[in-house]
Amino acid sequence: MSATTPDQHAAVPAPQHQPYRTGLDTNVMGLVIFLISELALFGAFFMYYAYMRTIRAVPYPGTFDIPAEATSINTLILVLSSFTCEFALLWLVRRNHWGVFGWLFVTFALGAVFLGLQVHEYMIIGFTPQDTAVGSIFYALTGLHGLHVFVGIVLLALAMVRAARNKWSPEKHTGLLAISIYWHFVDIVWVILFTVVYCLPGVVG
Amino acid sequence: MKSIKVLPLVIVSSLIGAVVAVILIVTRTLPTQASAQATNIDNLYIYFLAFSGVIFGIVLIVLLVGVYRFRARPNDTREGKPIHGITWLEVLWTTIPFLIVVSCGAFGWYVLDVDDVSAEARKDGQNVHIVGYQFGWKYTYLNQEVGLQEQDQLVLPVNVPVRFELTTNDVMHAYWVPAWRMQMSTTPAQTNHTSITPTQTGEFEVICAFLCGVGHTGMNSSIEGSIIPKVRVVSQAEFEQWVAEQKAAAEQSTETAQTTDAAA
Amino acid sequence: MTTALKPTLARCLWTTPLFAVIAALAVVIVRNVLGMDPVVQMSTLLTFAYIFGSIGFIVGIGGFDYWWKWIIGSDIDPNDHSQHGAYSWRDYFRFNTDHKVIGVQYLVFVFTMFLVGGMFAMIFRSELARQGSEQVLTNQQYNSALSQHGAIMIFVFMVPVFAGIGNYVIPLMIGAADMAFPRVNAISFWMLPIAGFIFLSSFVFGSFDAGWTAYPTLQDQSPFGQTLFQIGVIIAGSSSIATAVNFLVTIVAMRAPGMTLFRMPLLVWSNLATSALVVAATPFVAGAMFMAMFDREMGTNFFTTAGNGSALAYQHIFWFYSHPAVYIMVLPGFGIISEVISTHARKPIFGYRAVAFSSAGIAVLGFSVWAHHMFASGLESWLRVPIMISTLLIAVPTGIKIFSWLGTVWDGVVRMTTANLFALGFIVAFTVGGLSGVMLAVVPFDVSITNSYFVVAHFHYVLFGGSMLTIYAGLYHWYPKVTGRMYNEKLGRWHFWLTFAAMNATFFPMHYQGLEGMPRRVSDYAAEFAWSNTMISIASFVLGASTLIMFYNFIHSARHGKPAGNNPWGGLTLEWMLSSPPPVFNFPVTPRVIGGPYRFGEEGAKHAIIPEVEPAEVEKVGA
């Protein structure tokens, strides 16, 4: 450590981490590529679900009906939160940091409600992760998504801390933008999950 | 000047490659061909060796000649020719491999198709259910007239198509009889199928080809001291005799069991 | 005392156990609250302790320090480069954001693991040297040794070694100051020692013994070490995803002005294709590992027979990653070969665009061939022919590359340096591996021979004859750039010829063993294989010993080699325009790329120029 004194750095020019040509924000680009990777992780679980339900034709454990209607409300909540998250960015443009805070809080609260309802569903659904392969994958898919929502609301909480301290500005808000992109991603995955896991069994049987 | 000589070189090297291929084909060391399928698969192998030899010959000899002829002398400051590509040549070496792999695919598909004798076996052949376990095999003859349960040894009549159903109750195994060129796994939670027509009488090695635990090595009839019985292919008459013997033995053992029960 | 708080390895010594103990306690508390029995379940406890201990290590080494300050809103200086660059050997043992330091860290670490993985191969080859069972190892130990060999070689050697070479070379080649995310880069390196440690520490818990593929349901029977295998794979996988994201962004966004896509060196092209593969494929292995781990530790039924699960589903998901992984392990090597052959044969790469597009083609096709590992596994029968066709087709772009390299050698001025020897040796060995690959793609032939030593021979020709020789070629090629000194050419040749001869002597006879009926992963064999196995074992020991020559050569030459100068090979790409080793922040002025990367033989042709003054800099001063 002792060898690395700041003085030695003073002589060399600062490196450029921003692109020379494309002008794209590397942070956002990196996030998007990372989310593609995340989508592939969900893809592994979706692939398993599709394989087990179609080629293997394994039914849900017991004679249980997936609570599609109750979960629809949950879906609405999450879709709504995607809009409220975007409002935070709109309020940022107006340089109203308490407005940003407020909308972030609404998003946070909607996410928390979503998680609560999800846990409630686990309690009433009538099968456990140990009940056959389809029980396992149901919990794995919704659980993996729930974990992403949880990470999302933690990030939102941290963004709220920075918003309260007025650390975001229209000029410097990559972190906030990243969180909102992530939140939209979580939302999109949920819509896919809702369609595949909750709605399709009702249609296809 | 130099590029003109490439074509003769390619021809010569492909001829040398062909000679190598012929040597490889003649000296091939495969187990005996004990099934109708084995002949087809070996023909496939001979075809592979033929084009592989030629391609390998071209790559190796063109490389060696090229490296020798265009080697740098000590303190050589010359540079190579600024050739960035020759389109027709690139098209050629895309097309030819493409044609070769397509021919492989066609040949493979054909062999896959003719090797499948499960329909014949279902109609008037043998049907055997194989259960792989740690560490051995159990055979159940599904045909009514045979009807043997849980045998330790597989005995089959020669020249009769056989259809196998393979399954397991523990872990994945793979039922491999090299002399038949046949391998199929016993995958947990599902039944796999394969079929074969034995064409040679005798005893053949049966090997578990998939890692299945500490006893995997021993699950191989060719290992010294193995307790796994080899596969036996016999004439139709011998087979019927064997079936009768096994049935008698089975009846006797049930009778003994019943008498022991009664005695108890 | 203060060193224990600063981001150093010393801080890891207390953060790692702290996180592990907290996680273990949390597990006990949660189990107590939920009324689960028993409250202290060792395997669950250890699973969480290992996962959180790993996070603790990253915290300790300083991976999150900067972001933590940013999150809590502390003042941070984006231009703080105190973690950048190496000024003494100690800087290689800390969290360092310099891509060149990270590259060296990667290479040193993965080659240590290479020795360990090779040692396991030597150990089980000594069991195989003579006919007879349980001579050196018990069957249990034998299975552990072969599983460790596979897992270490693939997950903590072959995949990350290219990340190491890429890390060092790519930012230099594209004229960037560093990778796009230097901190992520450092974290992805530090995840690897964790993964390596987890693999090896599994010996305390009975190791893992279900092969590197770890198919269920066999892996359900393995000791706790199997769970550690899964955690290790997930961590190593996360590391390679993070690196791939980094490479993608760096290559797409941070190329020097003038470097269009078709002016990129081919190593950059192949890393672009590889990174795309990693990003899209690696999560699948993580998914498979998570499910298998849940089956083991939580009693779920993803792959169990009893719970309607499907063991075949594991194979589908696993190979959906692990076949592309083969291209992940060889595509960057193709890039290295293009660089090495072109530079040492003094000739432009023959058919640059075809070679570049074939990388992309392999990457795309690579996703459609996974099930060829499962022809004899009871694969859905309608999938067999399509997969056979796509597998065969992948030979075409690979063939294009081989022929293009031949075309590059032809009419060149071929310098037989060690790097080039390895590159040329690679062409020969990889052709053998490629041809046996075509054979194995054909379903009827495959099912007659799969899981035999023929397959072992095939993938060792691809991974040793292919990837490993490219790695050696790359190491010898860029060694002068990294150390600033030349290696001993004579020792290098010895290394090549011994390695090449021993490699062929080791792996070629395996084709015949497989064809004659020797299954893989066995500790004993029939009498007919006795003499060939003895010969193979002897050759494999020679192969193992030959690597020591390289280690001696590199370690000795780093001190005592002749100074290399900036450009010992006369390369045209950007890294050769810098001093050896390059300055801490690479380019003093952003270079301008003015032509293709392989303009050998053109009078006075240049790939790039480094302007005297940064034009933008002048404007800034003026303003």
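**Chain C and its two partners**

Among contacts in chain C between residues at least 6 apart in sequence, 80% join residues at least 24 apart; two residues are in contact if their C-beta atoms, placed from the backbone, lie within 7 Å. The model is predicted, with local features needing pLDDT of at least 70 and side-chain atom pairs pLDDT 80 or more, while totals for chains, interfaces and linings use all residues. Residues are numbered from 1 along each chain as its sequence is written, and chains are lettered from A in the order in which they are written.

Chain C holds 19 helices and 2 strands, taken as DSSP runs (helices H or I, at least four residues; strands E, at least two) numbered from the N terminus. Its C-alpha atoms fill a box of roughly 75 × 60 × 50 Å along the principal axes. Of its 623 residues, 64% count as buried, that is, with 20 or more other C-beta atoms within 10 Å of their own C-beta, placed from the backbone.

Turning to the partners, 50 residues of chain C are in contact with 47 residues of chain A. On this side of chain C, the elements giving two or more residues are α7 (225–253), α8 (266–298) and α9 (311–328). The largest share, 10 residues, comes from α8(C).

With chain B, the contact takes 79 residues from chain C and 73 from chain B. Elements of chain C that give two or more residues here include α5 (139–173), α9, α14 (418–441) and α17 (489–516).

Definitions and conventions. Buried ≥ 20, exposed ≤ 12 C-beta atoms within 10 Å, placed from the backbone.
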